[in-house]
Structure formats: C-alpha cells, structure tokens
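Thanks for coming. I will go through one structure today, starting with its packing and ending with a sheet.

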Amino acid sequence: MIKNGVDFSTYLKSYPDDAGYFGPYGGAYISEELQAAMQEITDAYFNIAKSAKFVNELRRIRREFQGRPTPVSHLERLSNSLGRVQLYVKREDLNHTGAHKLNHCMGEALLAKFMGKKKVIAETGAGQHGVALATAASYFGLECDIYMGKVDIMKQAPNVARMKILGANVVEVTHGLQTLKEAVDAAFQAYSREYKDAIYCIGSVVGPHPFPMMVRDFQEVVGIEAREQFLDMTGELPDAVVACVGGGSNAAGFFSGFLNDPVKIYGVEPLGRGPKLGDHAASLNYGSEGIMHGFNSVMLKDDQGDPAPVYSVASGLDYPSSGPEHAFWKKTGRVQYDVADDEEAIDAFFKLSRLEGIIPAIESAHALAFAMRLSQKMRTGSILVNLSGRGDKDMDYILENYGDRLD
Ligand SMILES: *Cc1c(COP(=O)(O)O)cnc(C)c1O
C-alpha cells in the first residue's frame, strides 16, 4: 500500500531513517554525552537484538514467562447488543503483569543483559512502567532504579509497593511539581552519570532515537500475533483495527502488523472532560509540532510553548505528546486519530465487564469506546481492538468515583 508517497510494503525496514526520523518527526535532541550513550544502544540494538541468539531467547521468554501468545477473543454478547458488526479483542490483559508494557521491558532488559550492563534506569508516572521494568529486572538479575515524583509516589501506593517487592529501588524526585516530567529529567540525569554500567529503559515509543524504533519493534509481536490469529479464526482480515494512544507503544506494535493491509487503522486519544486545553491529553488531535523529552513530534503547549498540563480518567494516557511515528502516520493519512472522553470510556469499561467477563484497563476502554461508536457507523464487518491491559489497577478509582453504578 502506498499513501502520500510512503510505501507501506517496505515501511518497517525504511522507517525510521539512520538519524531516527519518521519524516519530519523523531530524532535525538539531547546533550553530546547522552548522544554517545544513545549511539551505544543503537549499535547494540542492530548488532545484538537482530541476532538469532537474542531473537530465540526473547521468543522463549515470551512463551515460557510472559504467557504469549495472548489470545484474540470474539465479543459476541457486546457485538450483538450493538448491531451486526463483530467486535474482537487482542488480550494483552492476559500478558504477564496484566498489560502490554512487559513486551518492551523484557526486550530492553534482555538487551541490557547482552550488553553486559548491571542496571536498568527509568522514570514512571502512574507506576505501570516501573512495575513492568522491575519485573524484567528481577527476571534477569539486574539492578533497577525507578525515578518517581513524590506526588505520584503518594498517589500510587500499590504500584510503589509492587516495585519494592520486586526488588527495585524507587528514587523519590522532590523538585518542581514532583510528578512525571521531573521524574523524566531526574532519570535522564542519572543515566548520563551512569551510562557505563546502566541502560535507560523508556516506557513508550517516545524519547530520543533509538527508543521509538526499539519499543515499536519489541511491541510488534502484538500485531503479528493478532493478524495471524484473526485470519485463523475468521478466514479474513478485520475491516478496522483500533488501539488507545498515550505515548503510543501498544498502538505502534499492534498497528505495525496491519500497515500494508487493506485495513482501516484508528488510534484513540483521551478527550478527558472536553476539548479545552488542560482538560484532555489528545496531542495528535489538538497539538502542534514541538520538541520535548529529546524528540520532535506533536505536543500540547501552554502560553509559553512548554508542555501543557494534561488530564484524563486514564493516567496511563496522560502525556502531552505522542510518539513521533504516530505524528508521521497521521501526516501520511495511514492512521486516523480520534478521541473518546471520560464518560464514554467509563461506559465501555462497564459494558465489557458486564457483557463479556473482562474488566479492562481504563486506558484500553478508550479504544473500546471508539470501536463501539465506529460499529454503529459501519453497519457490517469486523473490528479488532487491542485490549492493552486489565483493570485491576483501576478498582480504587472506580469505587471512589463510580461506586454508585455498582448498586
Ligand atoms: C501505559 C498504558 C497505556 C498507554 O501507553 P502506550 O504507550 O500509549 O501504549 C495503555 N494501556 C495500558 C493498560 C497501559 O498500562
């Protein structure tokens, strides 16, 4: 498939280019010191991560430790309640630790191991990435420093406990607003001090090159499995595939399996309380081009041009930018980006739980909410949704805010 001059039959081998660009987006806007460290990771990625030894070891781990392949499930009762379009979900909620994030954390930590590093370093906001990386570090016997804002540490006590139980060192960040942005800065500073012994493990398809490429490639397994499973189940490809987009890792991996197919692709961003700046985190829908955290993409900006505050009911989607590849896919028209607001996501959360026996992460419920809306417009056909994670982590929030719906 060719779209706006981009040939998607060879796309995954051609993008990003050697400097880490997807069209105008991506790159590595970092200090010289960090550039050297990133070059080391890039070289290791091409030399080690593409070797048979690495690929076979990662395959074995996915099967024996992560429980892959995760299944595809047909949502028969939910589909029937909506009309004739058939909805299916790829079950990343059944991946070990309950979400897709472990896919790239195991890849990054295995790379660290092959490179002879002793430690992995990362930041975390809601704590999901920290828990996945702490799991990987424990599995491989690596030290693990997770930088986290003091405010987030207080809000996310269960995830902080999980990281500590898994043996990770949670480093409290006490400057500025004491949330994710400060944690990113602190983790990058630590990495520039320690890069000889450590590697940085980013939590999504964001940050400087080579991370958007590496994380996409480690997540591609989701798209490859889902495509094969769907073909096997139904004898054809889905008419549309849908995933939620925060930084964009679950969507990037899932979409990668379908880029060259006659399949419509939709990314769904959180509209939160509405389209006013500060009330949502829909950077691809409402943002403009800008550089933050070491890469060029689209971002939501405040009056000063700095990253704007963002909000949605799903903390895993609350990031003022998105991966550079999504900005590029949007520009080429290969992927369409739409939104779902808090109310729609919560409604989808309860519908899936009550009709199908699957409690989704509120992040994933955004993708499902959009798919439900799309099914009303399509009338016939099939939609495959990436269910990026399970909703156990969201119970406290649901009880506190939507407890009345339980009676
Ligand atoms: C972190 C998270 C997301 C958002 O991250 P992406 O990089 O956009 O995939 C989505 N769903 C779940 C369950 C998450 O934990």
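By contact I mean heavy atoms within 4.5 Å. This is a predicted model, where local features need pLDDT of at least 70, side-chain atom pairs count only at pLDDT 80 or more, and totals for chains, interfaces and linings use all residues. Residues are numbered from 1 along each chain as its sequence is written, and side-chain values use heavy atoms, with hydrogens and water left out.

Take Leu-384. Leaving aside residues up to four places away in sequence, Leu-384 touches, among others, Val-72, Tyr-88, Phe-230, Phe-254 and Phe-258.

Now the cores. A nonpolar core is a set of buried Ala, Val, Leu, Ile, Met, Phe, Trp, Tyr and Cys residues joined through side-chain atoms within 4.5 Å; buried is under 20% relative accessible area, with a 1.4 Å probe and protein chains only. The largest such core has 90 residues, and Leu-384 is among those with the most contacts inside it, as are Leu-111 and Trp-329. Helix α10, residues 211–234, gives the most to this core, with 9 residues. Helices (H or I, at least four residues) and strands (E, at least two) are DSSP runs, numbered from the N terminus. A second, separate core has 36 residues, including Tyr-311 and Phe-370.

Last, the sheet. Strands pair if DSSP finds at least two bridges between them. Four strands form an open sheet in the order β9-β8-β7-β10, with parallel pairing. Its edge strands, β9 (169–173) and β10 (198–200), each pair on one side only. Strand β8, residues 143–149, pairs with β9 over 5 bridges. Ile-146 has Val-170 in β9 as its bridge partner.

Terms used:
Buried means under 20% relative accessible area, exposed over 50%, partly exposed in between (1.4 Å probe, protein chains only).
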